[in-house]
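Here is a short briefing on the model shown below. The points are grouped by topic.

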Amino acid sequence: MIALSDFDPVVVERYGIAEETLAKVVRYVQLLQGENAPTLRDIAVGGYYGTSALLHEAVELEMLLGREPGLLQFDRAAAIRFFRANLDAHVRALTEEYVYLQATIERLFGEQVGLGALVMANADQPDFEFLVESPIHVPIFKPTASELACADTLVKQMRALGREMPQCGQGIV
Amino acid sequence: MRARYRLIEKFYQGGGWFQGWFPWGVLYENVSGMFADRKVLIRSFPDDDRQTARHMGRRIVELEIDIESQIELVDESYPIRFRVSPTIHWVEGEDYRAIRQRLWDALFDAMRGRESEKEEQPAAPVYAPQPTYHVARETAENGGNDDPELVTKRLDN
């Protein structure tokens, strides 16, 4: 069972995420990925990592609902078709997710990691190339092997924190 | 510049007529000039989770999967089923960006083709997921035929 209190309160406030948003995100992800949607496991981690996953879906869903308020009543085929016709929402969500992850890692671990390294570590090549090709201007570069290894370690450390949300410098494992 | 590719299908469950194997992505030769540790890359619809991309990416690197490999993209324990079509196609373009666009078009064409096929069919019985198949291409050695005609040519209009 997840609740809003499991997520970064700064993000919850800034993006106006409410319990209703959380319920809509769950419904949306299940529409796209099925009842046992793997993304729900990422969100259920809670804490900073879960917040990054929740933020992605909340931003994406808000954009999509702005274009089609009835989206959550669609059947699965129609929802997937609508999502695929509006992939700019996914790109926007990726940007918000990784800018948040980057800033949180820097604040928490004192490490500056490139967006490209974070995307490759967390979501691999397909999303990396989505961002590179997107019209949204984000500073994304192909990471070196050592940058990628560093990003991989930091993302895993952040995920391992679970619902703990230590403040600056307290998250170093 | 040209690149060979194969269609990746995903098994979708519980979606009315949207149930069964549907095009999900393409596996294509790495002509990007990046990702030196990978012989192939993936272009797919991003409606899946982060774990699937990581899982496939790791296998592509560790198993040194190439475009003709008879290796599955996900291991047997993975909860989501994918399969790679045995047919190898190719695209060409003036640069990598154009190749990526052609691959995207090909994926959409395949998806639309499959959807129209399904829509034209009367209510079909629901089948259990089938094991993934992974024949890359028969060779003369195993009784097949290496005739280049087998490699479908896709031209830019």
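**Chain A and one glycine of chain B**

In chain A, the mean positions of the 14 positive and 24 negative charges lie 4 Å apart. Lys and Arg count as positive and Asp and Glu as negative, with His and the chain ends not counted. Each charge is placed at NZ of Lys, CZ of Arg, CG of Asp or CD of Glu.

This is a predicted model: local features need pLDDT of at least 70, side-chain atom pairs count only at pLDDT 80 or more, and totals for chains, interfaces and linings use all residues. Residues are numbered from 1 along each chain as its sequence is written, chains are lettered from A and ligands numbered from 1 in the order in which they are written, and side-chain values use heavy atoms, with hydrogens and water left out.

**Fold of chain A**

- Chain A has 8 helices and 0 strands (DSSP runs, numbered from the N terminus: helices are H or I, at least four residues; strands are E, at least two).
- The C-alpha trace of chain A spans about 45 × 35 × 25 Å along its principal axes.

- Of its 173 residues, 56% count as buried (under 20% relative accessible area, with a 1.4 Å probe and protein chains only).
- Among contacts (heavy atoms within 4.5 Å) with a separation of 6 or more, 69% join residues 24 or more positions apart.

**B:G57**

- B:G57 is found in helix 1 (residues 50-62) of chain B.
- B:G57 counts as buried because its relative accessibility is 2%.
- B:G57 touches A:D124 and B:R38, not counting residues up to four places away in sequence.
- B:L73 is 16 residues from B:G57 in sequence and 8.6 Å away in space, C-alpha to C-alpha.

Conventions:
Buried < 20%, exposed > 50% of the residue type's maximum accessible area, 1.4 Å probe, protein only.
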